[in-house]
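Please look through the sequence and the model before reading on.

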Amino acid sequence: MAQYDVVIIGGGPGGYNAGIRAGQLGLKAAVVEKRGTLGGTCLNVGCIPSKALLHASELYAQANTEFATLGIEVTPRLNLPQMMQQKTESVTALTKGIEFLFKKNKVDWIKGAGKITGAGKVEVTAEDGAVTTLEAKNIVIAT
């Protein structure tokens, strides 16, 4: 049974920041996350991807309406697959950045769904159904 000073359930903005800070403070820390990437809903499918697409859409609109007044004549064409690829690349760069900070600060990323099963015990069920129990002095719920 793996033992930690702190186990954080949830790898979103609260959880990954808590894990990184715990590592910086010298604690043996693990973050349990069921998603295949860190960052939570905001980074993976919510705020960040939406903002990337919104930014590209705003630039497209400006090219169609405002550029001519500046003396720039263009006929923009929307390339949706490229726009989606750029959004995906932005999200990937940010999630890889979190992974880098985990490694730098010696934070373990435990992939799977976590649940508290008793005092100081977190059970993690991996995607393949394998179950692991972690022992922790402290547990943070950041789901």
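## Selected residues and a helix pair

Asp5 lies in strand S1, which spans residues 2-9, where strands are DSSP runs of E with at least two residues, helices are runs of H or I with at least four, and both are numbered from the N terminus. This is a predicted model, in which local features need pLDDT of at least 70 and side-chain atom pairs count only at pLDDT 80 or more, while totals for chains, interfaces and linings use all residues. Residues are numbered from 1 along each chain as its sequence is written, and side-chain values use heavy atoms, with hydrogens and water left out.

| Residue | Relative accessible area | Class |
|---|---|---|
| Asp5 | 19% | buried |
| Ile20 | 8% | buried |
| Lys106 | 68% | exposed |

The side chain of Asp5 reaches the backbone nitrogen of Lys28 at 2.7 Å. Leaving aside residues up to four places away in sequence, Asp5 also has contacts, meaning heavy atoms within 4.5 Å, with a set of residues that includes Gly26, Leu27, Lys137 and Asn138.

Ile20 is found in helix H1, residues 13-24. With residues up to four places away in sequence again not counted, Ile20 touches Leu101, Phe102, Asn105 and Val107. The C-alpha atoms of Ile20 and Ile98 are separated by 8.8 Å, although these two residues are 78 residues apart along the chain.

Lys106 is found in the loop between helix H4 (80-104) and strand S3 (107-111). Most residues other than glycine have a negative phi. Lys106, which is not a glycine, has a positive phi of about 60°.

How do helices H3 and H4 pack, and at what angle? Helix H3, residues 47-65, packs with H4 at an angle of about 140°, and their axes are 9 Å apart; axes are lines fitted to C-alpha atoms over the stretch in contact, and angles run from 0 to 180 degrees between N-to-C directions. H3 and H4 are therefore oblique to each other, since angles under 35 degrees count as roughly parallel, over 145 as roughly antiparallel, 65 to 115 as roughly perpendicular and the rest as oblique. Among the residues that meet are Ile48, Pro49 and Leu53 in H3, and Met83, Met84 and Leu94 in H4.

Methods:
Buried < 20%, exposed > 50% of the residue type's maximum accessible area, 1.4 Å probe, protein only. Polar contact = N/O pair within 3.5 Å; in protein donor to acceptor, adjacent residues only side chain to side chain.
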